[in-house]
Amino acid sequence: IGIDLVAMCVNDLIVQGAEPLFFLDYYAAAKLDPNVATSVVKGIAAGCVEAGCALLGGETAEMPGLYARGDYDLAGFAVGAAERNRLLPRDVHAGDVLFGLPSSGVHSNGYSLVRNVVKHAGLAWSATAPFARDLNLAKALLTPTRIYVKPLLAALKATPHIVALAHITGGGFPDNLPRVLPSGLGVALDLSTFAPPPVFRWLAETGGVAASEMLRTFNCGIGMVVVASEPAASEVESALRAVGEKPVRIGEVIEADAERVVTHGTLTF
């Protein structure tokens, strides 16, 4: 949980082309449980190490009149820095190439639907995960969100031809891709280019969730999208591979007005 709190902040910074500098957290509960709080803070610290930013501190509050016993609330924020002339997005044009970077799982979004699917399946959280037989269901579904900061910072330094980044969070592809594009542009996604990990197949089949809803709710295996200038797409792909990423070419930028995310091919679970 702590890692995810950091990931949601620092991944949103890197898509601006910014390097995270520091992070602060807020933890509130009816009564502080030292074991739970320690576990959460350890996760936050681990996330900060992974992102290369400092954990400066935070606030802890006990509010028994507001929270139910056993519940807790988390919030956090991060500050980053970037050169003004290196901010993203910039100079995005029709024909530019979209590369998808793998996610580690569900990441931090869509859990209302996840809980409903688990309830529909009649499974206990301690049951063996149907899609990951070496883990129980709770641990498998709570696989920490990937933090993309260090590899993307290295790639941004290696090539000037990354023109936009999109963090695929709540709202999935239809909501997150258009917000990094200028007016009049959209994307065409080829769904046949990537195979969602088993957790998404289980959610879709068990919950009877349509492919369109999966794309709008989950990352479906692509946690970050890199937009590369079309003439230098191969250079960008090489730069991503050089920092340990496994980019998949999933589409391109197109001219578009009303419908800004169009798909072809089939999402195969």
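How many Å separate the centres of domain 1 and domain 2, taken over C-alpha atoms? In this predicted model, the two centres lie 23 Å apart. Domain 1 covers residues 1–81 of the protein chain, and domain 2 covers residues 96–264. Where the two domains meet, 20 residues of domain 1 and 19 residues of domain 2 take part in the contact.

Strands of a sheet pair through backbone hydrogen bonds, and the pairing may be parallel or antiparallel. The sheet considered here is open and consists of three strands in the order β2-β1-β3, with mixed pairing. Strands β2 (54–62) and β3 (72–81) each have a single partner strand and stand at the edges, so one side of each is left without a neighbour in the sheet. On average, neighbouring strands of this sheet are turned by 15 degrees against each other, direction ignored.

Strand β1, residues 19–29, runs parallel to β2, and eight bridges join the two strands. Within this pairing, L24 stands opposite G57 in β2. Helix α1, formed by residues 2–14, packs on the sheet and touches both β1 and β3. The direction of α1 makes about 25 degrees with that of β3.

Attention may now turn to a pair of helices. Helix α5 (residues 149–158) packs with helix α9 (residues 233–242) at an angle of about 140 degrees, and their axes are 9 Å apart. The crossing in which α5 passes α9 is right-handed. On the side of α5, the residues that meet α9 are L152, A155 and A158, and their counterparts in α9 are E235, A239 and L240. Sorted by class, this contact of α5 with α9 has five nonpolar residues, one charged residue and no polar residues.

Two details of the backbone complete the tour. Most residues other than glycine have a negative phi, and most peptide bonds are trans. Against this background, L88 and P89 are joined by a cis peptide bond, with omega at about -5 degrees. P89 is placed in the loop between β3 and β4 (97–102). The second detail concerns H107, which is not a glycine and yet has a positive phi of about 60 degrees. H107 is found in the loop between β4 and α3 (111–121).

Technical notes:
Residues numbered from 1 in each chain as written. Predicted model: local features only at pLDDT ≥ 70, side-chain atom pairs only at ≥ 80, totals over all residues. Heavy atoms only, no water. Pairing = 2+ DSSP bridges. Helix = DSSP H or I, 4+ residues; strand = E, 2+ residues; numbered from the N terminus. Axes fitted to C-alpha atoms, helices over the stretch in contact; angles between N-to-C directions. Contact = heavy atoms within 4.5 Å. Left-handed = near helix turned anticlockwise from the far one by under 90°. Nonpolar A, V, L, I, M, F, W, Y, C, P; charged D, E, K, R; others polar. Domains from an automatic or database assignment.
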